[in-house]
Amino acid sequence: MKITHRIVALLTALILVFTLAACGKTPEPATTTTEVYPDMLIRDKKIEVACFKAGSAVSLTHARATKEDACVITFYNSTDEIVSLLKSGKADIAALPLNTAVQLWNETKGGIKIMSITALNSLYFVEKGALFNNLSDIKGKTVFTSGKGTVYDYYLLYILKEAGIDPETDITVKYLDTYDEVVTAAKGENSPELCLLPCNYACEILDNVKSYDTVVSVSNMLKTMSEMTFAAECLAVRTEYLEAHPDLVEEFLDFADMSATFITSSAKAGLYLIDAKLFADEEKALANVFNCNPVCIQGDELVTLASENLEFLYELDPDSVGGALPDENIYYVL
């Protein structure tokens, strides 16, 4: 995974030409798919789903809007709140950062299982003007972000490390409680020069604050530093709920898969993303959906991808996954 700082600088310079569709990237053509889901199973109670308001929310947006009779999908800004809901049994299923799910699995001694990857990395620097031509130029800067201790935080630490930047001494990383608070700070009078957020939040800043006019893809940076596919968020189910309702969990996985497919292939996707308040403009929502990297990766592919990412995180910091790598019992594979 290691590359020289000279190569990092060259590659980073190339990366900086990338921008979100909100700044001029041509959207990929969308096709229309059906909105028909299979007939639902009979249930006594709706599935309660807590969803992190980032790539996972984009992935599950269509199911949230169309399967209200089967499940209640609520978006949350705080991963701590989602973990609390799972631990208390108030949420049956949750979409949350991958490493947060593993930390909870270790803490509860197998109390949850990971069912799918719901989002690949979709992290972006948003800046006022061209602050840096390569990553080393952010030395001395202050970066506003959130998600401390989540996989997104470790992505940031990794790219800084690979570029020879000490996050303790070379830059200041200011962590706010939620990404919504970062957006609020960007809209304020003393707005930061540099913010780091998932795609949908980055677009909100670009759409609402004229002084921010440049975005830089951390996803692209990571691709130059490692050949690994970086998984950000996952779908987890309480083990107790899974054992009691395996048929409903399997059905919900079908909903999640169909929702991700719809959002990434339908010309109508923008309407759903606006309705869910993940974007403010239909055209920009449709153009940027791919930058949010919504997916629904299950089965053996899930195990391979998640395991690779968890080993990567463990090597960076064992605490990132709760101190120990999980075995394959953490996965629910149909």
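**Asn309 and its neighbours**

I started with Asn309 and listed what it touches, skipping residues up to four places away in sequence: Leu98, Tyr155, Met228, Thr229, Phe230 and Ala231. Contact here means heavy atoms within 4.5 Å. This is a predicted model, where local features need pLDDT of at least 70, side-chain atom pairs count only at pLDDT 80 or more, and totals for chains, interfaces and linings use all residues. Residues are numbered from 1 along each chain as its sequence is written, and side-chain values use heavy atoms, with hydrogens and water left out.

Buried or exposed? I found Asn309 buried, at a relative accessible area of 1%. The cut-offs are under 20% relative accessible area for buried, over 50% for exposed, and partly exposed in between, with a 1.4 Å probe and protein chains only. I also checked Asn309 against Ala231: they sit 78 residues apart along the chain, yet their C-alpha atoms are separated by 6.6 Å.

**Helix H13**

Asn309 belongs to helix H13, so I looked at the helix next. Helices are DSSP runs of H or I with at least four residues, strands are E runs of at least two, and both are numbered from the N terminus. H13 covers residues 299-316, which is 18 residues, and it spans 26 Å from first C-alpha to last, close to the 26 Å expected at 1.5 Å a residue. The expected span is 1.5 Å times one less than the number of residues.

I noted the buried residues of H13: Gly299, Leu302, Val303, Leu305, Ala306, Asn309, Leu310, Phe312 and Leu313. Their cover includes helix H4 (98-107), strand E4 (112-120), helix H5 (151-162), strand E10 (231-238) and strand E11 (294-297).

**H2 against H10**

Next I took helix H2 (residues 55-66) and helix H10 (residues 246-265), whose axes come within 7 Å and cross at roughly 110 degrees. That makes H2 roughly perpendicular to H10. Angles of 65 to 115 degrees get that label, under 35 is roughly parallel, over 145 roughly antiparallel, and the rest oblique. Axes are lines fitted to C-alpha atoms, for helices over the stretch in contact, with angles from 0 to 180 degrees between N-to-C directions.

On the H2 side I listed Val58, Ser59, Leu60, Thr61, His62 and Ala63, which meet Phe252, Phe255, Ala256, Ser259, Ala260, Phe262 and Ile263 of H10.

**Positive phi**

I picked out Lys277, not a glycine, with a positive phi of about 60 degrees. Lys277 lies in the loop between helix H11 (269-275) and helix H12 (282-288), and counts as exposed at 66% relative accessibility. Asn293 is not a glycine either, and has a positive phi of about 55 degrees. I placed Asn293 in the loop between H12 and E11, partly exposed at 24%.

**Whole chain**

I finished with the totals: 13 helices and 11 strands. Buried residues make up 54% of the 334 residues.
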